[in-house]
Amino acid sequence: MKRLLKVKIAWFPVWCTAFLMLCMLSIYLPVFGGPTQRLTDFPLIVVNEDQGAASVNMGQQIMNHLIETQDGHSFKWTIESSKEKAVEEIKNNKAYGALVIPADYSASLAGVQKSLMTGQAGGKPAHMEILINEAGGQLASSVATNALQTVASTVNTGVSQQIKAGMTKLGLEVSPQATSLLDNPVQATTVNALGLTGKINKGMTPFVVVMISSISGLLGVNMIHGYVGKIAEGMRSKGHRLSRVKQLLTEFLLGAITSVLVTTVIMIFIFGVFGSVHTASLWRIYLFLLLSSLTMSFLFKMLSLFLGQWGMLAMFPVNIMGIFGSGGAFPVTTLPEFHRALSSFLPTRYMVDGFRALFYYGGHMEAGLGTALKYIVTYLIMFLFLCGAKVIMAHNKDKKGAADQEKHEKNASNGREMGALAAE
C-alpha cells in the first residue's frame, strides 16, 4: 500500500476530482449571487385594447411608460393587438405572461374619477388582466407574476395619486365609503392563460423527465461498460475469442434496451401513478421520450469511447451543465451569458422545450416541438455516426490482431517443425 501511495500518478484522481468540483462551484454559484434575480430579455406581452380617444387613451400611456422605463435587456416586451393573440403566443411558448388592458379601460377610469369627485356611491375600479403561462416552470411563472403585478401596482398608485392631487387642488374630500376606491382605482386579476386542470406539478414535469433521462443515460453507459468489460475479460481468459466489435455492439444493444426500459418506467409512473397533465397523445410523448433517452445514452457512450478512462470526467460536467442550462428549473433568460450560450449546444435544452410542447401546448410544432425534433434527431445521428466510426476502428484493430496472432502461430508451428527435423 505504501509503495502505491508513493507513486505520484496514484494521487491524480484525488486532485483532479477536487479541481473539477472547484470549477463547478466557480461556474454555478455566481448564478445565485446578487440581491435580485438576473434577467435578460425575459419575454412578456402587453395588449392595449383600450378604445379611448388618443388624447385620453390611458392604455397607451401605460405602454409608453413601459417602453420608456425598460432598457431592452431585463424584459423583452412584445405588443399584441388583442387578448386572443396574446393567448395564442403564450400557447406557442413565446412568452411567460401578458398584461391585458381592456377596451373600456379609459372609460372606466373616467367613471372612477367622476364618482370620487362628485361623491357618488357605488363606484367601481377599472380592471386589467394578467395572463400567466403556468407551464413555464415555477421560477418563470413567479418572475412573470411579480413583474406584471408590479406594473399593475405602479399604474394603480400613479392613478390614485393623480386623482388625489386633483381633488386636493379643488378642495374636495373623499367620503369614508370611497376611501378604498381612491386608494385602489385600478385592480388587476391574475389568471392562468392555458387553463390546464389537474396535476401540472408547477410546470416542472418536463424538467424532471429530462433530468431522469440524462442521469439514466450516464449511469447506464458506465455500468454496462463496466459489467460487459469484466464478462468479456473473463471469457477471454478462458480461451473464448471475443472481438472488441462484438463487445461494443453488445454494449450498444444493452444501452438501447435500457433506454426503452427507462422510457417505459417513466411513462408508467408519470401518467399511470402520478396522473400528470398531458395535452398530446401518450404515444407521441413515449416516442419523443425514447428518442431523447437514446440521444443522451449515445452522447455519453460517445464520450466514453473517445476519451476512454477520462470519459467520466467529461460526462459528469456535461450532465450537470445540461440539466442546469436546460431551461427547466431556471428559464434560460435568467442565466448568465456563458450558461445561455452553452445551453444552445446541449440536447437537454431542446428536450425540455419538446416535452413542454407535448405536456402543455397540445404538441404544437410552433411551441418548440419542431425545433426540438430537428436538433435532437441531428444529435442522435451525429452520436451514432461517431460511435459507428469507433466500431469500424475496433474492427480494423481486431483484424490486425487476428492476423498478427495467426502469423505468430504459423511462425511457432514452423519453428516446431524445423526443430523436429533438426532432431531427426
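**A walk through the predicted model**

Asp41, at 32% relative accessibility, counts as partly exposed, because that class lies between the 20% limit for buried and the 50% limit for exposed. The structure is a predicted model, and Asp41 sits in it in the loop that runs between helix H2 (12–28) and strand E1 (42–48). Although Asp41 is not a glycine, its phi is positive, at about 50 degrees.

With 38% relative accessibility, Asn201 counts as partly exposed.

The protein chain has 14 helices and 5 strands. It consists of 424 residues, and 43% of them count as buried. The chain exposes about 23,400 Å², of which carbon and sulfur atoms supply 63%. Among contacts between residues at least 6 apart in sequence, 79% join residues at least 24 apart.

Next comes the interior. In soluble globular proteins, nonpolar side chains tend to be buried together. The largest nonpolar core in this model has 65 residues, and the members that touch the most others are Phe300, Phe355 and Tyr360. Helix H10 (residues 282–307) gives the most to this core, with 14 residues.

Phe355 leads on to the surroundings of H10. Leaving aside residues up to four places away in sequence, Phe355 touches Pro206, Val209, Val210, Ile285, Phe288, Leu289 and Ser292. Phe355 is also one of the H13 residues that meet H10.

How do H10 and H13 pack? Two packed helices are described by the angle between their axes and the distance between the axes. For H10 and helix H13 (residues 347–360), the angle is about 170 degrees and the axes are 10 Å apart. Angles over 145 degrees count as roughly antiparallel, and H10 and H13 are therefore roughly antiparallel to each other. On the H10 side, the residues in the contact are Arg284, Ile285, Phe288, Leu289, Ser292, Thr295, Met296 and Leu299. They meet Pro347, Thr348, Tyr350, Met351, Gly354, Phe355, Leu358 and Phe359 in H13. By type, the residues of this contact divide into 11 nonpolar, 4 polar and 1 charged.

Conventions. Residues are numbered from 1 along each chain as its sequence is written. This is a predicted model: local features need pLDDT of at least 70, side-chain atom pairs count only at pLDDT 80 or more; totals for chains, interfaces and linings use all residues. Side-chain values use heavy atoms; hydrogens and water are left out. A nonpolar core is a set of buried Ala, Val, Leu, Ile, Met, Phe, Trp, Tyr and Cys residues joined through side-chain atoms within 4.5 Å. Buried means under 20% relative accessible area, exposed over 50%, partly exposed in between (1.4 Å probe, protein chains only). Helices (H or I, at least four residues) and strands (E, at least two) are DSSP runs, numbered from the N terminus. Contact means heavy atoms within 4.5 Å. Axes are lines fitted to C-alpha atoms, for helices over the stretch in contact, and angles run from 0 to 180 degrees between N-to-C directions. Angles under 35 degrees count as roughly parallel, over 145 as roughly antiparallel, 65 to 115 as roughly perpendicular and the rest as oblique. Ala, Val, Leu, Ile, Met, Phe, Trp, Tyr, Cys and Pro count as nonpolar, Asp, Glu, Lys and Arg as charged, and the others, Gly among them, as polar. Accessible areas come from the Shrake-Rupley method with a 1.4 Å probe; for residues, only the protein chains shown count as cover.
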